[in-house]
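Here is a short briefing on one protein model. Please look over the sequence and structure first, then read the points by topic.

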Amino acid sequence: MVIGAFAAALCLGLGATVVVMFFSAREASQPSAIVSAYLSHVERGDISTALRMEGRAPKPAEVLLTDKAYSHATDRMTGFRILKTRTVGDGSTVEARIQQKAARRQRSSN
């Protein structure tokens, strides 16, 4: 009986873990979550990671696209908010409000 209770608890725990992982993975793959992760890297000044998310590696010749160069920028992004997401077919558009110092600019990302 103890073994049966242990096996049932183990199965329930495993099932709950799979469900949580499924919904977490589904949420993380949403276009708004991907854009949010990208903009979070830019906000922190981690430009190299943001470029890797695009599938690009930072190039020494592109001095404006390095962590060091961005850290010296005077008008850096200081915050953002995801406004809405539209998906049509295989493509999505995520609209975000980006804050740079006191000025706000609204951008869309495809």
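Of the 110 residues in the protein chain, 17% count as buried; buried means under 20% relative accessible area, exposed over 50%, and partly exposed in between (1.4 Å probe, protein chains only). This is a predicted model: local features need pLDDT of at least 70, side-chain atom pairs count only at pLDDT 80 or more, and totals for chains, interfaces and linings use all residues. Residues are numbered from 1 along each chain as its sequence is written, and side-chain values use heavy atoms, with hydrogens and water left out.

**Overall layout**

- The protein chain holds four helices and three strands. Helices (H or I, at least four residues) and strands (E, at least two) are DSSP runs, numbered from the N terminus.
- The order along the sequence is α-α-α-α-β-β-β.
- The protein chain exposes about 8100 Å². Carbon and sulfur atoms supply 62% of that area. Areas come from the Shrake-Rupley method with a 1.4 Å probe; for residues, only the protein chains shown count as cover.
- Take the contacts between residues at least 6 apart in sequence: 29% of them join residues at least 24 apart. Contact means heavy atoms within 4.5 Å.

**Helix 2**

- Helix 2 spans residues 31-44, 14 residues in total.
- From first C-alpha to last, helix 2 reaches 20 Å, close to the 20 Å expected at 1.5 Å a residue. The expected span is 1.5 Å times one less than the number of residues.
- Its buried residues are Val 35, Leu 39, Ser 40, His 41 and Val 42.
- An α-helix has 3.6 residues a turn, so residues three or four places apart point the same way.
- Gly 45 follows helix 2 and has a positive phi, near 85 degrees.

**Nonpolar core**

- Which residues make up the largest nonpolar core? The eleven are Val 35, Leu 39, Val 42, Ile 47, Ala 50, Leu 51, Tyr 70, Met 77, Val 94, Ala 96 and Ile 98.
- Helix 2, helix 3 and strand 2 (91-100) are the elements that give two or more residues to this core.
- A nonpolar core is a set of buried Ala, Val, Leu, Ile, Met, Phe, Trp, Tyr and Cys residues joined through side-chain atoms within 4.5 Å.
- In soluble globular proteins, nonpolar side chains tend to be buried together.

**Salt bridges**

- A salt bridge is a side-chain nitrogen of Lys or Arg within 4 Å of a carboxyl oxygen of Asp or Glu. By this rule there are two.
- Lys 84 pairs with Glu 95, with the closest N and O atoms 3.9 Å apart. Lys 84 lies in strand 1 (residues 77-88) and Glu 95 in strand 2, so the pair ties together parts that are eleven residues apart in sequence.
- Arg 86 also forms a salt bridge with Glu 95, at 3.9 Å from N to O.
- Is Glu 95 buried or exposed? Glu 95 is buried, because its relative accessible area is 12%.
- Lys 84 is partly exposed at 44% relative accessibility. Arg 86 is partly exposed at 44% as well.

**Other residues to check**

- Gln 100 sits in strand 2. Its relative accessibility is 16%, so Gln 100 counts as buried.
- The side chain of Gln 100 reaches the backbone oxygen of Asp 75 at 2.7 Å.
- Arg 52 lies in helix 3. Arg 52 is exposed, with a relative accessible area of 52%.
- The C-alpha atoms of Arg 52 and Tyr 38 are separated by 9.6 Å, and the two residues are 14 apart along the chain.
- Arg 56 is in the loop between helix 3 (47-53) and helix 4 (67-71). Arg 56 is partly exposed, at 37% relative accessible area.
- Not counting residues up to four places away in sequence, Arg 56 touches Leu 51 and Leu 65.

Terms used
A polar contact is a pair of N or O atoms within 3.5 Å; within protein, one must be able to donate a hydrogen and the other to accept it, and residues adjacent in sequence count only if both atoms are side-chain atoms.
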